[in-house]
Amino acid sequence: MTNQELKKIATEVRKGIIEGVHAAKAGHPGGSLSATEVFTYLYFEEMNIDPKNPKKADRDRFVLSKGHTAPGLYSTLAQRGFFPVEDLKGLRSIGSHLQGHPCVQHTPGIDASSGSLGQGISVATGMALSAKLSNDSYRVYTLLGDGEIQEGQVWEAAMFAGAKKLDNLVVIVDNNGLQIDGPVDVVNTPYPIPDKFRAFNFHVIEVADGNDFEQLRAAFKEARETKGMPSAIIMKTVKGKGVSFMENQVGWHGKAPNDEEYAIAMEELKKAGEE
């Protein structure tokens, strides 16, 4: 796909995020919007997947370690054809298969239930090890938040992945600089993130703009070509990217837009799609 085609899809993904959280009157738009480009690139360009056969044995796996940004993942899966886009309006509703955190039992395309921060990378590491032990070719990707990497379990998993040389594992850190309580460097600074992953024997790829498809394309190519060690893609992003009044505003970490805000956001995204 061209970068322009990916941009158009990303705009539709953003619309789905806003539709879902507005309908639910709850959810996490900020971190879903910051990760929209990486969700889009993974599911439309990078990963070996098939929406018609979501459990195929040789598929690449994805674990959303920062599980609260499920609206972004759900919207991407819907755009990719795993289930109808209309389902997004049922986010967090009783009886809906789209709950506040991903659930492997109910939603097509979900490879692991997640939501308890810090655990997703451990699950992904286990998947990558399993592939190595079984001589399977699939790759494993996991997305972490920069606030999430304050969790100790993240580094236990990283230590293991580096020690076992799991070069089929790609850890992505969405470094949007904000977590629920404020700036990450104020709450409990994780910096310097690249140096930490290097210390755990990861090949580190720094992306200056994780909302830019050309930079993401180069990063994932480099990760795919890296042998003998896992890769960590540390990408700088903008929390709330694509909706002007949400960008870089910590308050939009975990709240839904009201009707007026919804209308403004959707109009902005409509114009972005036309451009």
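So, K165: this one is exposed, with a relative accessible area of 54%; exposed here is over 50%, buried is under 20%, and partly exposed is in between, using a 1.4 Å probe and protein chains only. Keep in mind that this is a predicted model, where local features need pLDDT of at least 70, side-chain atom pairs count only at pLDDT 80 or more, and totals for chains, interfaces and linings use all residues. Residues are numbered from 1 along each chain as its sequence is written, and side-chain values use heavy atoms, with hydrogens and water left out.

Back to K165. Its phi is positive, near 55°, and it isn't a glycine. You'll find K165 in the loop between α6 (152-163) and β3 (169-175); helices are DSSP runs of H or I, at least four residues, strands are runs of E, at least two, and both are numbered from the N terminus.

K25 is another non-glycine with a positive phi, about 60°. K25 lies in the loop between α1 (3-24) and α2 (29-34), and counts as exposed at 70% relative accessibility.

Why point these out? Because most residues other than glycine have a negative phi, and most peptide bonds are trans.

P192 sits in the loop between α7 (184-187) and α8 (193-199).

Now the inside. The largest nonpolar core has 51 residues, and Y43, F62 and F220 have the most contacts inside it. By core I mean buried Ala, Val, Leu, Ile, Met, Phe, Trp, Tyr and Cys residues joined through side-chain atoms within 4.5 Å. A second, separate core has 26 residues, including M127 and F197.
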